[in-house]
Amino acid sequence: QVQVVESGGGLVQTGGSLRLSCVASGSIAGIDSMGWYRQAPGKQRELVATMAVTGTTNYADSVKGRFTLSGDVADYTVYLQMNSLKPEDTAVYYCNAFAYTDLRYRAVDFWGKGTLVTVSS
């Protein structure tokens, strides 16, 4: 199986910064992408940022210019640097790995348990 572990959440004031880390491990035969999603209370999970194994990144409009995704997907590690945080960024942040456990079959989504980010006003 594949394990995805996040770290780095916490409480920060408006305008502050946090850095989230994510590592995937286990029976990984190959990987397409890794990224971050978030879910605020009463809302659906939404994309924050993703990175393909090529290094190409994609960001939600709401975080462009404030959040930066870095790392090496081929090394199963990504980081999310979050600056200029706003109260509306408060959510549980989940790391995702879109990976293969067997190259004969399609890639599958693997999720971490989530890390809470709270931005106080």
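In the predicted model, C22 and C95 are both buried. These two cysteines form a disulfide with a sulfur-to-sulfur separation of 1.9 Å, and the structure holds one such link. The angle about the S-S bond is -90°, which gives the link of C22 and C95 a left-handed sense. Because C22 belongs to strand β3 and C95 to strand β9, the pair ties together parts of the chain that are 73 residues apart in sequence.

The largest nonpolar core comprises 33 residues, and M34, W36, L80, M82 and Y93 have the most contacts inside it. At least two residues of this core are supplied by each of β1, β3, β4, β5, β7, β8, β9 and β11. Strand β9 gives the most, with five residues. Beyond its neighbours within four places in sequence, L80 is in contact with residues including L18, L20, W36, V48, F67, L69 and Y93.

Five salt bridges were found across the whole structure. R38 pairs with E46 through their side chains at 2.7 Å, N to O; R38 is buried, with a relative accessible area of 6%, whereas E46 is partly exposed at 37%. A salt bridge also joins the side chains of R38 and D89 (3.0 Å, N to O). This pair links distant parts of the chain, with R38 in strand β4 and D89 in the loop between β8 and β9, 51 residues apart. D89 has 0% relative accessibility and counts as buried. The side chains of R66 and D89 form a further salt bridge at 2.7 Å, N to O. Since R66 lies in the loop between β6 and β7 and D89 in the loop between β8 and β9, the pair ties together parts 23 residues apart in sequence. Through shared partners, salt bridges join R38, E46, R66 and D89 into one network.

Methods:
Residues numbered from 1 in each chain as written. Predicted model: local features only at pLDDT ≥ 70, side-chain atom pairs only at ≥ 80, totals over all residues. Heavy atoms only, no water. Core = buried A, V, L, I, M, F, W, Y, C linked by side-chain atoms within 4.5 Å. Buried < 20%, exposed > 50% of the residue type's maximum accessible area, 1.4 Å probe, protein only. Helix = DSSP H or I, 4+ residues; strand = E, 2+ residues; numbered from the N terminus. Contact = heavy atoms within 4.5 Å. Disulfide = S-S within 2.5 Å. Salt bridge = Lys/Arg side-chain N within 4 Å of Asp/Glu carboxyl O.
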